[in-house]
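Take a walk through this two-chain model, starting where the chains meet. Keep the structure open and follow each element in turn.

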Amino acid sequence: MEELLALMREVKPGVTFEGDDDLIGHGLLDSIAIVTLVGEICDEFDVEISPVDVVPENFKTVEAIYALITRLQEDN
Amino acid sequence: MKNVLEYLEQSARLFPDKTVIADADTKLTYKELEDKAKCIGSLIISKLGLPNETARPVAVLMNKCSLSLAAFMGVVYSGSFYVVIDEMMPADRVNVIFEALSPVAVLTDKEHFETAKELKLSDDGIIILIEDAPDINDISEEKLSYIRSTMVDTDPVYALFTSGSTGVPKGAVVSHKNVISYTSWYTETFGIDSNTIFGNQTPFYFSMSVSDIYSTIKSGATLQIIPKTLFSFPIKLMEFMNERNINTIYWVPSALCIIANWKMFQYAKLDKLKKVLFAGEVMPTRQLNYWIENLPDAMFANLFGPTETTDICTYYVVDRKFADDEPLPMGKACNNCRVFVLDDAGELVNPFEIDENGFSREGELYARGSFVAMGYYGNEDKTKAAFVQNPLNDKYPELVYKTGDLVKYNKYGELVYITRKDFQIKHMGYRIELGEIEAAAGALDGIKACAAVFDADKDKIVFVYEGKKYDEKEIIEGIGKRVPHYMLPNAIVRIKSMPHNQNGKIDRKWLQANYESI
């Protein structure tokens, strides 16, 4: 989880993601940030995120993103 | 025809119950839009009184939604012109706009009342709440028709503020005549009719949305506002487009690139989409080719123009194949908008004098005719610098617009964009167009977006890119295949995500100032 937060801070410096229940609705993650973040997650966590997984449910909170990573790692 | 409201009234007669505009949650039929606009117009007149032979500026501050269109049309019914203020615009920028504009009123809703109160209005400026609009049975048709009888087609419909090179926004004033001439060309050229369903991407404070809005109302078409967050979720974006039966889009290239860079057509189809139009920045050919491969029967067109020619002055409907590193032409002038090119010496460039490389001499692009806007609101100096007497005509007054864009003709007689005159740089004694470096980078297949900027203090060309990590050597070799050695970048910066300005275009100014800290 810390590793993920560190990545997110790198993509969007100065933003507090923890505890936010709607990262997209609140504008913390915009379209460009999501594309970048997905690329970074694939590299760092060695998973393949298909665009089919790039849906609001999976990016709503830090926990949701982490759950997606965990699920993809288990699928591997 | 002399007033854009005639579009609305005619379509409301022909298609009263048809949806004219919809967002994720709400929609309006043509009849509802006409009624609401008249109610809002009446409200504004009740607060401001009748206009005094001069159209007054009314700022509109609200979410981008179906009702926005009723607000715009309502302002026009009141004999005023509208200026769109986005809720996400920083207050500082809005206040700079307001200094030039001195709006007589801000039209807003309860949701944005507090934001509106924070803005610096002129001394007698007031806030008008849309919720206070009277019922359609209580409006004064008499006053509305009186105002209508006083209006002429050179009256402004809206002013759109664009960033000036000095950072002070300039408000291009666009008249009924401008919008009507422009929209006639747009609907004829792209076959916009009552079957058209637009998927709108661009913000309403950006000139491209003018094409979506007015060609919709003129043709009895439907405008679907695509929620901005969907551009983060390409699969949801495509689902939305299919659900809403969107068959025509006019987007900035950055938005089209989202679908191309994710290679989204492996996961979903856009079978209903028949027309893909784009403008606002250079469309990378590699990403365009991906779209064309996947929608081989659709029409693709590259549109070019500034806000000062209503939206567009030249266009090119893609009718031949282009290699990934070959730039698209900007094409030819629109019907009823003439363009011409003057070289450094002020001589007219002849499109038929083509050199052995297949191009004419280069020069600055000028536009004349009915698309050319009225000038910049409250800014005589900037107006005089850009809206000038036709240099080729010393016999009677004729204002033309000096675009500041450098262009040349190719062997097909099509105009080819070179760069903004301001972007043309002098480096090691050579005159260089940064856009050529960007086009050359199209040869590198892992690059999703790129920008070449110039650090004049250090005399360095900086190439910033997003995408696969390359060795600097690979990039230099790739670019070096298409441009001479003196145009090769002196610094290469890989960026995690390309910064975009409010309109969704790559933010070059930011890159230029900040590339060292990336």
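In this predicted model, 15 residues from chain A and 15 residues from chain B make up the contact between the chains. On the side of chain A that touches chain B, helix α2 (residues 31-45) of chain A gives the most, with six residues.

How far can the prediction be trusted here? The model scores ipTM 0.82 and pTM 0.87. Chain A has a mean pLDDT of 88, with 100% of its residues at 70 or more. Within chain A, confidence is lowest in α2(A), where the mean is 84. Confidence in chain A is highest in helix α4 (residues 62-75), at 93. For chain B the mean pLDDT is 93, and 99% of the residues reach 70 or more.

Now move into chain B. Start with a helix pair. Helix α1 (residues 5-14) of chain B meets helix α8 (residues 208-219) of chain B, their axes coming within 7 Å and crossing at roughly 40°. Why are the two called oblique? An angle under 35 degrees would count as roughly parallel, and 65 to 115 as roughly perpendicular; α1(B) and α8(B) cross at roughly 40° and are therefore oblique to each other. From α1(B), the contact uses B:Tyr7, B:Leu8 and B:Ser11. From α8(B), it uses B:Tyr214, B:Ile217 and B:Lys218. By class, that contact has four nonpolar residues, one polar and one charged.

Next comes a sheet. Nine strands of chain B form an open sheet in the order β2-β1-β10-β9-β11-β12-β13-β14-β15, with mixed pairing. Its edge strands are β2 (27-29) and β15 (332-333) of chain B, and each pairs on one side only. Look inside the sheet at strand β11 (residues 248-251) and strand β12 (residues 275-278) of chain B. They run parallel and are joined by four bridges. B:Ile249 stands opposite B:Val276 in β12(B).

Which helix packs on this sheet, touching β1 (19-22) and β2 of chain B? It is helix α2 (residues 30-48) of chain B, and its direction makes about 90° with that of β2(B). The length of this helix can be checked. B:Gly49 follows α2(B), with a positive phi near 80°.

Finish at another sheet in chain B. Three strands form an open sheet in the order β24-β25-β26, and the pairing is mixed. β24 (447-455) and β26 (491-494) of chain B stand at the edges with a single partner strand each, so one side of each has no neighbour in the sheet. From one strand to the next, the twist averages 20°. β24(B) runs antiparallel to strand β25 (residues 460-467) of chain B, and eight bridges join them. One bridge pairs B:Ala451 with B:Val464 in β25(B).

Conventions
Residues are numbered from 1 along each chain as its sequence is written. Chains are lettered from A and ligands numbered from 1 in the order in which they are written. This is a predicted model: local features need pLDDT of at least 70, side-chain atom pairs count only at pLDDT 80 or more; totals for chains, interfaces and linings use all residues. Two residues are in contact if their C-beta atoms, placed from the backbone, lie within 7 Å. Axes are lines fitted to C-alpha atoms, for helices over the stretch in contact, and angles run from 0 to 180 degrees between N-to-C directions. Angles under 35 degrees count as roughly parallel, over 145 as roughly antiparallel, 65 to 115 as roughly perpendicular and the rest as oblique. Ala, Val, Leu, Ile, Met, Phe, Trp, Tyr, Cys and Pro count as nonpolar, Asp, Glu, Lys and Arg as charged, and the others, Gly among them, as polar. pLDDT is the predictor's confidence in each residue, from 0 to 100. Two strands pair if DSSP finds at least two bridges between them.
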